[in-house]
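Dear colleague,

Please find below the structure that I am handing over to you.

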Amino acid sequence: MSITRKRISPHILWATINRPEARNAIDFDVMEELEQLVDILEDDDEIRVFILSGAGEKSFVAGGDLKKFHTIQSKEKAVEMSKRMHDIFNRVERLPCWTIACINGDAYGGGIELMLAFDFRVSVPDAKFGFTQGRFYLVPGWGGLTRLVEKVGRAKALEWCGKAEIYPANNVLAHGLIEHIVKGEDFEKEALEWVEKLTKNDRKFIHTLKQGASRLSSHRKESLEAEIEPFAKLWVDAEHMQRVDKFMSRKNS
């Protein structure tokens, strides 16, 4: 199993992406298990809070698994993969429960796109964050650009994606990318203390409130979907392929 689940209480489910050897990167197995997990979350009326973290202390999610995804060699397959991730993230956003990404370690690329699909983000103090897709000649392809603009504004989103640099937790907190930094002494306990009050109301209340907050932008759906085509075009660009090959060669040497 690439994702483990633990029922903390009748109202809280904590799931962990368990691929520490790959820095918890998303591959095809993780995608499938995320889909199965969302099925459960959609149907279980008792769950009011869903928490997702990565295994270990080094990485939350390091993005997409380049070793596995490098097998995607056509634009059509890149579109297919992107659409599948969009569907997963959109379903997470629509869940009638609170969703919290507990950032237990570094988050890069698609890992940040994943956490942006959640309602809230809680981080350990020493986590680092980076929209590093640009290092591989890619733009966000899982809805991350639209969601990043929503969180930090157009200029900061373009700066972060354009520079592809890595930033500490206190920096991204100041810009509103994450909501809270725990002390880091007992991550699970501190995270659960932060979410405790979110369990007070049932899913009907949560769903109503989340729906109300989603009415602000009438073109959001189109904006998210518009990320797929540019991402897929760059995925099959020779520059992207060369940079990934160079990265993989360094890792294997």
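Which residues does His 70 touch, not counting residues up to four places away in sequence? In this predicted model, the residues in question are Met 241, Val 244 and Asp 245. His 70 itself belongs to the loop between helix 2 (66-69) and helix 3 (75-94). With a relative accessible area of 18%, His 70 counts as buried, because the cut-off for that class is under 20%.

The model contains an open sheet of 6 strands, ordered 1-2-3-5-7-10, in which the pairing is mixed. Its edge strands are strand 1 (3-9) and strand 10 (180-181), each of which pairs on one side only. Strand 1 pairs with strand 2 (residues 12-17) in the antiparallel sense, over 6 bridges. These two strands form a hairpin, with 2 residues between them. Within this pair, Ile 3 stands opposite Ile 17 of strand 2, and Arg 7 stands opposite Leu 13 of strand 2.

Helix 1 (residues 28-43) lies across strand 1, strand 2 and strand 3 (49-54), and runs at about 25° to strand 1. Helix 8 (residues 187-195) has as its buried residues Phe 187, Glu 190, Ala 191, Leu 192 and Val 195. The spacing of such positions can be read with a general rule in mind: an α-helix has 3.6 residues a turn, so residues three or four places apart point the same way. The cover over the buried residues of helix 8 includes strand 1, strand 2, strand 3, strand 5 (98-103) and strand 7.

A further open sheet is formed by 4 strands in the order 4-6-8-9, again with mixed pairing. Strand 4 (59-61) and strand 9 (167-168) stand at its edges; each has a single partner strand, so one side of each is left without a neighbour in the sheet. Strand 8 (residues 128-130) and strand 9 run antiparallel and are joined by 2 bridges. Lys 128 has Pro 168 in strand 9 as its bridge partner.

Asp 106 lies in strand 6 (residues 106-108). Its relative accessibility of 19% places Asp 106 among the buried residues, because the cut-off is under 20%. Leaving aside residues up to four places away in sequence, Asp 106 touches Lys 58, Ser 59, Phe 60, Val 61, Asp 126, Ala 127 and Lys 128. Asp 106 and Pro 168 are 62 residues apart in sequence, and their C-alpha atoms are 9.2 Å apart in space.

Pockets and cavity

The largest pocket holds about 1100 Å³ of space. It is lined by 32 residues, of which Glu 93, Glu 150, Lys 210, Ser 214 and Arg 220 lie nearest its centre. At least two lining residues come from each of helix 3, strand 7 (120-123), helix 5 (144-152), helix 9 (203-213) and helix 10 (220-225). Helix 3 gives the most to this lining, with 6 residues. By class, the lining of the largest pocket divides into 11 nonpolar, 7 polar and 14 charged residues.

The second largest pocket has about 710 Å³ of space. Its lining is made up of 33 residues, and those nearest its centre are Arg 23, Ala 62, Gly 64, Leu 66 and Phe 136. Two or more residues of this lining are given by each of helix 2, helix 4 (110-116), helix 11 (228-235) and helix 12 (238-252). The largest share, 4 residues, comes from helix 12. The lining of the second largest pocket comprises 17 nonpolar, 8 polar and 8 charged residues.

How many cavities of 30 Å³ or more does the structure hold? There is 1 such cavity, and the volume of the largest cavity is about 30 Å³. The residues that line the largest cavity are Ile 112, Phe 129, Gly 130, Phe 131, Trp 160, Glu 165, Tyr 167, Val 172 and Leu 177. Of these lining residues, 7 are nonpolar, 1 is polar and 1 is charged.

With kind regards

Notes:
Residues are numbered from 1 along each chain as its sequence is written. This is a predicted model: local features need pLDDT of at least 70, side-chain atom pairs count only at pLDDT 80 or more; totals for chains, interfaces and linings use all residues. Side-chain values use heavy atoms; hydrogens and water are left out. On a 1 Å grid over the protein atoms alone, a cavity is a set of points where a 1.4 Å probe fits but cannot get out, and a pocket is an open set with protein on both sides within 12 Å along at least five of seven lines; lining residues have an atom within 4 Å of a point. Grid points are joined across faces, edges and corners, and a volume is the space filled by probe spheres set on the points. Ala, Val, Leu, Ile, Met, Phe, Trp, Tyr, Cys and Pro count as nonpolar, Asp, Glu, Lys and Arg as charged, and the others, Gly among them, as polar. Two strands pair if DSSP finds at least two bridges between them. Contact means heavy atoms within 4.5 Å. Axes are lines fitted to C-alpha atoms, for helices over the stretch in contact, and angles run from 0 to 180 degrees between N-to-C directions. Buried means under 20% relative accessible area, exposed over 50%, partly exposed in between (1.4 Å probe, protein chains only).
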